Structure formats: structure tokens, C-alpha cells
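I opened my notebook to go through some ring contacts in this model. Here is what I looked up, entry by entry.

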Amino acid sequence: MGIIISTITLIILLFMVRVFYLMFNVFTGKCGISSKNRTLKTIFCIGSGGHTSEMIRIISHINLKKYEPRLYILADNDSSSEYKVKEAEKENVFMIHRIPRSRNVKQSYVSSIFTTINATLHTLPLICHFKPEVIFCNGPGTCIPVCLVAFLLRCLFILDCRIVFIESVCRVRTLSLSGKILQFFADVFVIQWPELRHACIRAKYFGRLT
Amino acid sequence: MQRVYKKCFITVGTTQFNLLCEYIQTPPILKALKKLGCTEITFQIGNSNCEPKVYEKEGIKLDLYRFKDSLDEDIKNADLIISHAGAGSCLEALNANKPLLVVVNEDLMDNHQMELAEQLQVDGHLYYCTCDTLESTLETVDFNWLSPFPKPNPSAFISYLDDIFKVAVNT
């Protein structure tokens, strides 16, 4: 009995060390990745409404040849974003996958815990199968479960991936809920207003992106 | 010389903004717009509680509709844009380099989008008001004083990404 308990304690301890080690890397900006492949497997977490438009505009500037294959993750009740993605990608090859939304607008924080768990369970097999190397996200809907799963799998050495979070341009002085959570986990955390620096622990500012 | 704002485009995006719909069609607001030279109003009313219609009032042609696939054309044709505080609508109007007045929907008080409108007014790119101050704002502000909105520049961000995310060189 004693052996089992001490083994479990040891495993938990090692896991915690790994989590803190990764968070230390995140905070000290060791966010690079050198792929053995010629392209990076990439996930784009598509939010909704204005966030989708913003992400699509950012994607339009990215060298897409480097980020292949591309998987777009959409919320299952988001009807307009698929059209926007298809319009932006035109003839290119890409994939779309839908997951349940982790939090709807005006949903309470308590009930959003359960919907987030549900969304996370849907995300797990998807991430395990796709094994992304880079995840881009910019806000609500899908990004918390996807990033959470990706970070945990990275802690367990199953996945080696980097998270890029871009806070929405409409956030001038306060962070979004996604931003508040992901500032601890995202390897690259980008804000679009210099004033926002005072509201977060760490961020990169490259000017306005969209 | 006083600039003339003949065509006015009003947009509320996908929101419901009943008060603005109601106010815009009242004689005091229409008169204030007419003083600015307005003869045509195109009004994208979204989910607001009023009926889409085309009619004339106070010598101004009004065209109310709910949605279009793209508002680009209406934005391009407008001399003045009045918008709700939605980030998308604000940025689209500013990127098209149009004089912009934002009317804040006070029914959505927890709306973080206020942040952006406030900052853009501080930076001198737009004016903002509420429905109650719409009339006086239209009468007092001078849109010539607004400064153009700088274009976004993602190149620093993109080169940073290229710097940290390396792929195997093509051999």
C-alpha cells in the first residue's frame, strides 16, 4: 500500500515539475520550434463573429505554405465562420472540424466549467490524432479547450506544440477571459494595444495587426 | 468651406439597437443630419425592432434594410458613417477612411467593445455619443478634425513567427 501511494505521489510530483518547467519556458520566452519536416502542422481555432474576421485577416498575411496541413476548429453552433474560412482558403487544401462551444455569450462562469469539460473531451481525440505543432487562436468559443488539451499533452511528452494567442483588437485596457487564462500557457501572447501591457503579466506588442 | 455629407450610412451589425432605429427616424435627428447636407440615409438595422422600408421624411430619402452579404459597397458610397460600437463595424468604417460617429448602445453596458470606441475617440479617429446626445453631437462636432486611421502592419509579427518557427530547409 505504502509503495503505491509513494509511487503516485512521485508521479504527481514529476508531473508538477514538468508543468512548472514548461511554464518557466513560456515565461522566459523559449517558444521556438524547429520541425524536422518541411512544414508545420497547424491548428487555427476560429472564434465567432468579429474574432473570425480578425483571425482570417491575420491568416491572409501568414506564409501558408509553411503551415501545412491546416486544421480549422470551429464551434458547432457557429454558422457564419465556415463560409469565411472557405472564402479565405479558396482552392487550398484544408480541414474543418467542429467541437461544442465551451462558453456561450452571457453564460455563467459556473455552468461554463461543465461545458468546457464537455468541449475538452471532444477535443482530446482530435488533438491526439492531428498532433499539431502550432496552434493559432484569438479568442472565444473554441480556444480554451484546444489549448488546454495541447498543453497537457505537451506536459505528458505526447505532443510538442506551440500556442500563439492573439488578443482581439477590441481589447484596449482589459484582457478577455481567454486572454486571462492563456497568458499563463500560450508560448506567444500578442496584444494589439500598448496600454494592455498593464493588464497582463507578459505580452508581445507588434503594433496593430488587423 | 463646410464639407457636405450627402450620403449617410448607418449600421448596427448583427445587434438589436431599437433606440437608435427609433431616434434616427425622428424629425430632430433628421433635421440635424440635413444641416450637415444629408439627403440620403442607408440604414442597416440588423435585428432591431423596426420594419425594413424605403420612404422619404423631412426631405431625406431613407432606405432601411436588415442584412446584406457585404456592407463594403454601402461603406464605400457613404460620406458619413454612423455605427454601433462593434469593433468590426468601427474598423471597417475607419479603414475605408470615412468620417465616423459611434452611437453607444447603453442596453449593452457590460459590452467591452466600448473600450475600443473610447480609445479611438481619444486618438482622434472618431466621435462617440449615446442616443440621447446624438442630436447635440451632430450639431456640434466637426468631422474635419478627425485624423486618418493608420493602416495595420502585421509584418513585424509575421517575421517574428518566421524567426521562432523553423522548418527543415528544402534540400
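**Rings between the chains**

I began with A:F206, which is buried at a relative accessible area of 17% (buried means under 20%, exposed over 50%, partly exposed in between; 1.4 Å probe, protein chains only). A note on the source: this is a predicted model, where local features need pLDDT of at least 70, side-chain atom pairs count only at pLDDT 80 or more, and totals for chains, interfaces and linings use all residues. Residues are numbered from 1 along each chain as its sequence is written, chains are lettered from A and ligands numbered from 1 in the order in which they are written, and side-chain values use heavy atoms, leaving out hydrogens and water.

Next I looked up ring pairs (rings of Phe, Tyr and Trp, its six-membered ring, with centres within 6.5 Å; planes under 30 degrees apart are stacked, over 60 edge-to-face, the rest tilted). I found 11 aromatic pairs over all chains. A:F206 and B:F157 have ring centres 5.6 Å apart and planes at 55°, so I logged the pair as tilted. This pair crosses from chain A to helix α7 (residues 155-164) of chain B; helices here are DSSP runs of H or I, at least four residues. B:F157 is buried, at 0% relative accessibility.

A:F206 also forms a tilted pair with B:Y160, 5.2 Å centre to centre and 40° between the planes. Here too the pair crosses between chains, reaching B:Y160 in helix α7 of chain B. Both A:F206 and B:Y160 are buried.

**Within chain A**

I also noted a cluster: ring pairs link A:F44, A:Y67, A:Y72, A:F94 and A:F136.

Conventions
Helices (H or I, at least four residues) and strands (E, at least two) are DSSP runs, numbered from the N terminus.
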